[in-house]
Amino acid sequence: AQNPAAGIISISPNDCGGRCECERCKEIETEEASPAGPLLYGVNQVAERIERRYPDCLVETLAYRYSRKPPEV
């Protein structure tokens, strides 16, 4: 909101060694057959909200060690 002309927002995990292991994230990881599943699920949830107000804004994320394998679905 402070810079609507930016055109791109990065939503990426912190530089830590691991991923969330709560029950919901484990479920998503199993459904997607990838540890990147919960990350992409979360990024997509935020991107949908951003799109409502800033439809031309791009949303990107980064893959780290645990999230490099893409989901199968």
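Ser34 counts as buried because its relative accessibility is 1%, where buried means under 20% relative accessible area, exposed over 50% and partly exposed in between (1.4 Å probe, protein chains only). The model is predicted, so local features need pLDDT of at least 70 and side-chain atom pairs count only at pLDDT 80 or more, whereas totals for chains, interfaces and linings use all residues. Residues are numbered from 1 along each chain as its sequence is written, and side-chain values use heavy atoms, with hydrogens and water left out.

**Ser34 and its surroundings**
- Ser34 belongs to the loop between α1 and α2.
- Beyond its neighbours within four places in sequence, Ser34 is in contact (heavy atoms within 4.5 Å) with Glu29, Lys69, Pro70 and Pro71.
- A polar atom of the Ser34 side chain lies 3.0 Å from the backbone nitrogen of Ala36.

**Overall architecture**
- The protein has two helices and two strands, arranged along the sequence as β-α-α-β; helices (H or I, at least four residues) and strands (E, at least two) are DSSP runs, numbered from the N terminus.
- The C-alpha trace spans about 35 × 25 × 20 Å along its principal axes.
- Of the 73 residues in the protein, 19% are buried.
- Among contacts between residues at least 6 apart in sequence, 74% join residues at least 24 apart.

**Helix α2**
- Helix α2 comprises 18 residues (residues 36-53), which should span 26 Å at 1.5 Å a residue; its end C-alpha atoms are 26 Å apart, which agrees. The expected span is 1.5 Å times one less than the number of residues.
- Ala36, Gly37, Pro38, Leu39, Val43 and Ile50 are buried in α2.
- The buried residues of α2 pack against β1 (8-10), α1 (23-32) and β2 (58-60).

**Arg19**
- Arg19 is located in the loop between β1 and α1, and counts as partly exposed because its relative accessibility is 35%.
- With neighbours within four places in sequence set aside, Arg19 is in contact with Glu29, Pro35 and Tyr66.
- The side chains of Arg19 and Glu29 make a polar contact at 3.0 Å; such a contact is a pair of N or O atoms within 3.5 Å and, within protein, one must be able to donate a hydrogen and the other to accept it, while residues adjacent in sequence count only if both atoms are side-chain atoms.
- Arg19 and Leu39 are 20 residues apart in sequence, and their C-alpha atoms are 8.8 Å apart in space.
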